[in-house]
Amino acid sequence: MKKQILSSIALIMAVAFGNAQTAEERGLQIAKAAEEADLGFGSSTVTLKMTLKNKNGQTSERYLENKTLELTEDGDKSLIVFNSPKDVKGTATLTFTHKVGSDDQWLYLPSIARVKRISSNNKSGPFVGSEFAYEDLSSQEVEKYSYKFLSEEGPLLIVEQDPVDPKSGYTRRVVSYNKEKGYRIEKIEFYDRKNALLKTLTYSGYKLYKNKFWRASTFNMVNHQSNKETLLEFSDYNFGVGLSDDDFTQVALKRAGS
Amino acid sequence: MAQLITMERHSKLGLLVTLFFMILGLNAQEEENKKVSHDVELEVEGEYRFFYEESQFEGQEDHYPSIAFRPEYSAEWDKGYQSINFKGFFRWDRDNERTHWDIRELYYQKAKNNWELSVGLKKVYWGVIESNHLVDVINQTDAVETFDGEEKLGQPMVQFSLITNKLGTFDFFYLPFHRKRTFPGEEGRLRFGTVIDQGDLGYESGAEEWRQDVAIRWKHYVGAFDIGLSHFYGNGREPLFVFTPTGEIDAFYPVIHQSGLDLQITHNAFLWKLESIYRYADAQDFFALAAGLEFTFSNIDGNGLDIGVLGEYLYDERDELALTALQNDIFFGSRIAFNDVQDTSILLGGIKDLEQSSTIFSMEASRRFGSNWTAEIEARIFSNIDDSELILANFRQDSFLRIAISRFF
């Protein structure tokens, strides 16, 4: 009986606090739920085709390969290798994302077989001439933003995210999470430093891997100010490769680019 | 004719590669993943170098049209943990000595957990400084190819890398054969008054090019610090020039010990760099150092324009005998990257002697056209070269413009 009363009180309190939850708390809660839903993928490899489209509709393509290693105590490790255009074939980057502070990044230049540590300071700059900034492609850690829940539209939870890092090119991002599909992201709107809508990123062709992990097969980034567009198409997702720290070293970076 | 020779060479190489691969393939049969992926690439480059000042020495030309081929082949299996890699090179040039071929790389590689083994001809780069490469001692410089010394000849080696969690990476090198540096011929620019024949240079070691050389390197990274320590013992890559009283040049490859340090601190948009070597041989011992920084203003226009500024100080105890002619100099430069679809970039720089008037200006610009073409423009200007500069005085009239267009297949 005593137990029952106690749990009733706990329930009432939880509901009361739930209602009292601020928009900031709810926003953070959603971001954490999304992170939680994607926990445990271990490692993955994927092939990317990047199509850059200018405002006249002319296109050029790049092919890349990406390896990711999930880390829980700190940010993920990733290795990207260029397969085309052919003059930059073998150029590769190794990134150690950190939850707090700047990332560690190395670049491999195959023509002179040189590994160079590079500054990860340039977050807002475009990745290889595309509409994706470096910060759009880096590992999305919860600690990198502050949050504000905006609204709920059917299964979609709309959350505003403000970058913690002052070097970010955005004042805020408006992210649509799908709460019925493991909090996968359906759309992100990016607002520039003047708080004007800069870009919209739309995710499509979602597939469920290992019965838990949602991965989009297409990212479409549209720049509203320049009318340029970049399409990222992912294929051959592999979650069964069992990569380890040994696959994310400077030695492995050279091997990947050779 | 030259084409015929290269074709024959290529087919021989192809056979060699296939044979090598077959032998290894048998061993690899037990492996769970036998899927082999092959990759073939070819770059054909047309180049034109124009020396706009009258030549200083007899036999030198002003215009140098040239063509180069860079074939590549690689086979990967065992999920990419084993591979065969080949990079070939052939150039035809008006200077007979610059007409040359090389196997830049041809090696078998196997990686497993925390180690990696490479056997064959390979290229290895050490160091952090942009204007001079002191620490980088494994490969011989292909000095006829470029003035900056960044083109290297393939080095026969066994390389074993051991990666540890807490103590960084250890690289062990066994280098069974020495390759001699290339030098321009009589028709070539950027040479001394006396034409140096590659073959004329002897060795201090009785074993000559077959002296069995070794090297070790430790490389680690902690936070913002990337540090490397290395030691090389063997035939020097840089020939030692001794001027005889009659004005003749006596040159040979000494047996050297070289200890090297390279350090980079990456802090926000700053890269702080240091390279230093101490080389000792019977005939000579000296200390050299290069220190500098690089700062990048990124995404200046909100459109991806990056402008980097570089400054480096170069010191060499050998003074005017330093073959690099960088004995007490300042390098200043700027790297401009547009980060556009065509990867347009420009590198501007100058090296100024702190004691004399000598200055070398350089400009390199490159851009992609379509998806398979690239164009490159390069200029090197030798300005106010001091008469007392033992090495540079020979290049006084050798300022040039270079245009190169590459097609990738």
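**Starting from one loop**

Guide: B:Asn299 lies in the loop between β15 (285-297) and β16 (306-316) of chain B. Strands here are DSSP runs of E with at least two residues, helices are runs of H or I with at least four, and both are numbered from the N terminus. This is a predicted model, in which local features need pLDDT of at least 70 and side-chain atom pairs count only at pLDDT 80 or more, while totals for chains, interfaces and linings use all residues. Residues are numbered from 1 along each chain as its sequence is written, and chains are lettered from A and ligands numbered from 1 in the order in which they are written.

Visitor: Is B:Asn299 buried or exposed?

Guide: Buried, because B:Asn299 has 21 C-beta neighbours inside 10 Å. The cut-offs are 20 or more other C-beta atoms within 10 Å for buried, 12 or fewer for exposed, and partly exposed in between, with C-beta atoms placed from the backbone.

Visitor: What about the phi of B:Asn299?

Guide: That phi is positive, about 50 degrees, although B:Asn299 is not a glycine. Most residues other than glycine have a negative phi, and most peptide bonds are trans. B:Lys79 sits in the loop between β2 (63-77) and β3 (82-93) of chain B. With 16 other C-beta atoms within 10 Å, B:Lys79 is partly exposed.

Visitor: And which residues does a cis peptide bond join?

Guide: A:Ser84 and A:Pro85, with omega of about 0 degrees. A:Pro85 belongs to the loop between β3 (77-84) and β4 (92-96) of chain A.

Visitor: New topic. How many helices and strands does chain B have?

Guide: Chain B has one helix and 21 strands. Of its 409 residues, 35% count as buried.

Visitor: Which strands of chain B make up the open sheet of three?

Guide: The order is β8-β12-β11 in chain B, with mixed pairing. Strands pair if DSSP finds at least two bridges between them. β8 (202-203) and β11 (240-243) are the edge strands with a single partner each, so one side of each has no neighbour in the sheet. β11(B) pairs with β12 (residues 249-253) over four bridges, in the antiparallel sense. In that pair, B:Phe241 stands opposite B:Ala251.

Visitor: Over to chain A. What does strand β1 pair with there?

Guide: Strand β1 (residues 43-53) of chain A runs antiparallel to β2 (residues 59-69), joined by eleven bridges. A:Thr45 faces A:Lys67 across that pair. The hairpin has five residues between the strands, and A:Gly57 takes a positive phi near 85 degrees there. β1(A) is also joined to β15 (residues 229-238) of chain A, antiparallel, by eight bridges. In that pairing, A:Leu52 stands opposite A:Thr230.

Visitor: Which residues of α2(A) are buried?

Guide: A:Gly27, A:Leu28, A:Ala31 and A:Ala34 are buried in α2(A). They cover an arc of only 120 degrees around the axis, taken from the directions to their C-beta atoms, so they lie on the same side of α2(A). The cover over the buried residues of α2(A) includes β7 (145-153), β8 (156-163) and β9 (170-178) of chain A.

Visitor: Which residues touch the most other members in the largest nonpolar core?

Guide: A:Leu79, A:Val81, A:Ala92, A:Val159 and A:Leu253, in a core of 35 residues. A nonpolar core is a set of buried Ala, Val, Leu, Ile, Met, Phe, Trp, Tyr and Cys residues joined through C-beta atoms within 7 Å. A second, separate core has 27 residues, including B:Trp126, B:Leu314, B:Leu326 and B:Leu392.

Visitor: Last one. How many residues does each chain give to the contact?

Guide: Chain B gives 35 residues and chain A gives 25 residues. Contact means C-beta atoms, placed from the backbone, within 7 Å. The elements giving two or more residues on the side of chain B are β4 (100-112), β6 (155-164), β13 (255-267) and β21 (400-408).

Visitor: What does B:Glu41 touch?

Guide: A:Lys86, A:Lys89, B:Glu72 and B:Phe408, leaving out residues up to four places away in sequence. B:Glu41 lies in strand β1 (residues 37-51) of chain B, and counts as partly exposed with 15 C-beta neighbours inside 10 Å.

Note on methods:
Two residues are in contact if their C-beta atoms, placed from the backbone, lie within 7 Å.
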